[in-house]
Amino acid sequence: QVQLVESGGGLVQAGGSLRLSCAASGSISRINTMGWYRQAPGKQRELVAGITVDGVTDFADSLKGRGTISRDNAKNTIFLQMNSLQSEDTAVYFCFLRNTFTFTTQTYWGQGTQVTVSS
């Protein structure tokens with residue numbers, strides 16, 4: 001099992017910035033990807049950003065140019081910095097860790113942290 005502890009959500013004004021953190025512990029495979037999805041009310045969960053253990057990153061188009069994702073492999077922790085936040089960024093943000101094995105993957109989720117952007 002893997003445990004994910006998220007922090008950093010909250011209320012921010014439009015145009016502001018926020019930094020989310022997620023610390024993983026437990027059975028973490030050597031090859032893994034960590035990142036964030038988000039889900040706004042009435043919408044499907046969507047990928048925000050992800051980062052592999054080797055530092056390869058991917059971002060949703062909506063966040064490109066406004067966010068950075070980094071990780072501390074020694075602490076199994078990732079950080080998502082989001083800038084120029086808009087009301088459309090309001091959502092519950094879920095951290096995930098995907099263990100990758102030869103033929104299978106296992107994905108674990110955090111409980112979610114609320115991000116609210118006020119206009």
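In what order do the four strands of the open sheet come, and is their pairing parallel or antiparallel? The order is β1-β3-β8-β7, and the pairing is antiparallel. At the edges sit β1 and β7, each of which pairs on one side only. Direction ignored, neighbouring strands of this sheet are turned by 15° against each other on average; axes are lines fitted to C-alpha atoms, for helices over the stretch in contact, and angles run from 0 to 180 degrees between N-to-C directions. Between β1 and β3, which run antiparallel, there are six bridges. Take valine 5: its bridge partner in β3 is alanine 23.

A word on the model itself. It is predicted, so local features need pLDDT of at least 70 and side-chain atom pairs count only at pLDDT 80 or more, while totals for chains, interfaces and linings use all residues. Residues are numbered from 1 along each chain as its sequence is written, and side-chain values use heavy atoms, with hydrogens and water left out.

The torsion about the S-S bond is about -85°, so the disulfide is left-handed.

Next comes the nonpolar core, meaning a set of buried Ala, Val, Leu, Ile, Met, Phe, Trp, Tyr and Cys residues joined through side-chain atoms within 4.5 Å. In soluble globular proteins, nonpolar side chains tend to be buried together. The largest core here has 27 residues, and Leu4, Leu20, Met34, Trp36, Leu80 and Tyr93 touch the most other members. Strands that each supply at least two residues of this core include β1 (2-7), β4 (32-39), β5 (46-52) and β11 (113-118). A search of the whole structure finds four salt bridges, each a side-chain nitrogen of Lys or Arg within 4 Å of a carboxyl oxygen of Asp or Glu. Arginine 38 meets glutamate 46 in one of them (2.7 Å, N to O). Arginine 38 is buried, with a relative accessible area of 6%, whereas glutamate 46 is partly exposed at 36%. Arginine 38 also meets aspartate 89 (2.9 Å, N to O), linking strand β4 to the loop between β8 and β9, 51 residues apart. Aspartate 89 is buried too, with a relative accessible area of 2%. Aspartate 89 forms a further salt bridge with arginine 66, the closest N and O atoms being 2.9 Å apart. That pair spans 23 residues, with arginine 66 in the loop between β6 (57-59) and β7 (67-72). Taken together, Arg38, Glu46, Arg66 and Asp89 are linked in a network of salt bridges.

Terms used:
A disulfide is a pair of cysteine sulfur atoms within 2.5 Å. Buried means under 20% relative accessible area, exposed over 50%, partly exposed in between (1.4 Å probe, protein chains only). Two strands pair if DSSP finds at least two bridges between them.
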